[in-house]
Structure formats: structure tokens, C-alpha cells
Amino acid sequence: MSNDEHFVWMGKAMELAHNALKNREVPVGCIMVYKDEVIATGRNEVNETKNATRHAEIVAIEEVFKWCKANDKNTTEVFSELVLYVTVEPCIMCAGALKQMHVPMIVFGCANERFGGCGSILNVASDDLPSLGPKFVCISGVMADEAVKLLKDFYKGENPHAPEDKRKSKQAAPSVGSDAS
């Protein structure tokens, strides 16, 4: 696959990340490409569903199973020929799930410095964990600046789904020397 192809496919994943942002989700989007066809898409649904496992990659994995059933395809064969395009490095949970599904290649935008499973925190992709699945290839940095911008846009605002005591305060802090009592 050429770099141009990676940018085209990542552009489609970015559309899903923009959709996630509009729905007050962490703006992560992904697509799964099988034989030059998008067969599954996903975007974060954690806040909407109040289910911490509803990451974009997990949503897309579920769609692949549905696509295989509808098209009478062997899931093991399909997953072993997929390429995942995701706007942010998969977290450790998602990287583990992708490894278990035998996805051979993941192309991502920006690094996930807090939870990254493809090198930022752990490298599930290259770790020798045969019981979990084979190693896979990771290509990073495709449209990373746009992915970072979306994340910054999300984190500027308040997460309405966060517990009250964890929400950002929008009240101005009293100035130094003022009578705050």
C-alpha cells in the first residue's frame, strides 16, 4: 500500500472522528479495509452508551462479524487480511483485541501517550504473546496533526457525562488579593 492510499483511508476514519466529536465523544474513528473495500466502521460510543468498552475499534470488530455473516465469509480469513485505519493509537485493550483477531496491520494517526498499546505505553503489536495472537505491523503518524487537533477540541470543553466532582469548573477563580469571603 502506498502513502497516498493510507491518507485516503485515514481521511474516511477522520470523518468518523469528527462525527464522534459532534456527539460529545472522544474523537476517535476507524475503518476496516478488506480487499480495498471498507467493510466496517467505528467511532467511540463510550459516553453515549455509558459502556467503557465501546471504543471505535471494538465497534468496528463487531461490524466485521456482522459483515462476514451477511456475506457468508470466514471471519478468521477476513480478519487476517484486514487493515485497520484509526485516528489515534489503539489503547492497550483495543490493541489486545486486534491482536486476538489476527489483524495484520494497523495504521494510526497520533500517539496515545496515556493508554497506547502500539508503542506509547506497551507494544502489544510486537510483544511475543503467541497465546493472544501473532505480531502485527503498525504505521503511525498518518494525519497525526488533524487527530491531535480533534482531541484538543474535545478536551477544551466539559464532558457532560463525567461525574459532577470530576467536571471542569467554569467559574472564574477569585483574583489574588480580592475578598473571596
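This is a predicted model: local features need pLDDT of at least 70, side-chain atom pairs count only at pLDDT 80 or more; totals for chains, interfaces and linings use all residues.

Reader: Fine. Which residue is the bridge partner of V33 in β2?

Author: That partner is V38. As for the strands themselves, β1 covers residues 29-34, and its pairing with β2 is antiparallel, with 6 bridges.

Reader: What holds strands together in general?

Author: Strands of a sheet pair through backbone hydrogen bonds, and the pairing can be parallel or antiparallel. Here, 5 strands make an open sheet with mixed pairing, in the order β2-β1-β3-β4-β5.

Reader: Which strands stand at the edges?

Author: Those are β2 (37-43) and β5 (137-139). Each has a single partner strand, so one side of each lacks a neighbour in the sheet. Going from one strand to the next, the twist averages 20°.

Reader: And which strands does helix α3 touch?

Author: Helix α3, residues 56-70, packs on the sheet and touches β1, β2 and β3 (82-88). Its direction makes about 140° with that of β2.

Reader: Let's pick a residue in the sheet. Is V83 buried or exposed?

Author: The cut-off to know is that buried means under 20% relative accessible area. V83, which lies in strand β3, has 11% relative accessibility, so it counts as buried.

Reader: How many residues separate V83 from V33 in sequence?

Author: They are 50 residues apart in sequence, yet their C-alpha atoms are 5.2 Å apart in space. For the protein chain as a whole, take the contacts with a separation of 6 or more: residues 24 or more positions apart account for 57% of them.

Reader: Now the surface. Which residues form a nonpolar patch there?

Author: I92, I121 and L122 do, with about 230 Å² of accessible area together. L122 sits in the loop between β4 (105-110) and β5. Its relative accessibility is 41%, so L122 counts as partly exposed.

Reader: Can we step back? How many helices and strands does the protein chain have?

Author: There are 6 helices and 5 strands. Starting at the N terminus, the elements run α-β-β-α-α-α-β-α-β-β-α.

Reader: And what percentage of the residues count as buried?

Author: The protein chain has 181 residues, and 40% of them count as buried.

Methods. Residues are numbered from 1 along each chain as its sequence is written. Side-chain values use heavy atoms; hydrogens and water are left out. Two strands pair if DSSP finds at least two bridges between them. Helices (H or I, at least four residues) and strands (E, at least two) are DSSP runs, numbered from the N terminus. Axes are lines fitted to C-alpha atoms, for helices over the stretch in contact, and angles run from 0 to 180 degrees between N-to-C directions. Contact means heavy atoms within 4.5 Å. Buried means under 20% relative accessible area, exposed over 50%, partly exposed in between (1.4 Å probe, protein chains only). Patches are made of residues with over 30% relative accessible area and no salt bridge: like charges are joined within 9 Å, nonpolar side chains (Val, Leu, Ile, Met, Phe, Trp, Tyr) within 5 Å. Accessible areas come from the Shrake-Rupley method with a 1.4 Å probe; for residues, only the protein chains shown count as cover. A salt bridge is a side-chain nitrogen of Lys or Arg within 4 Å of a carboxyl oxygen of Asp or Glu.
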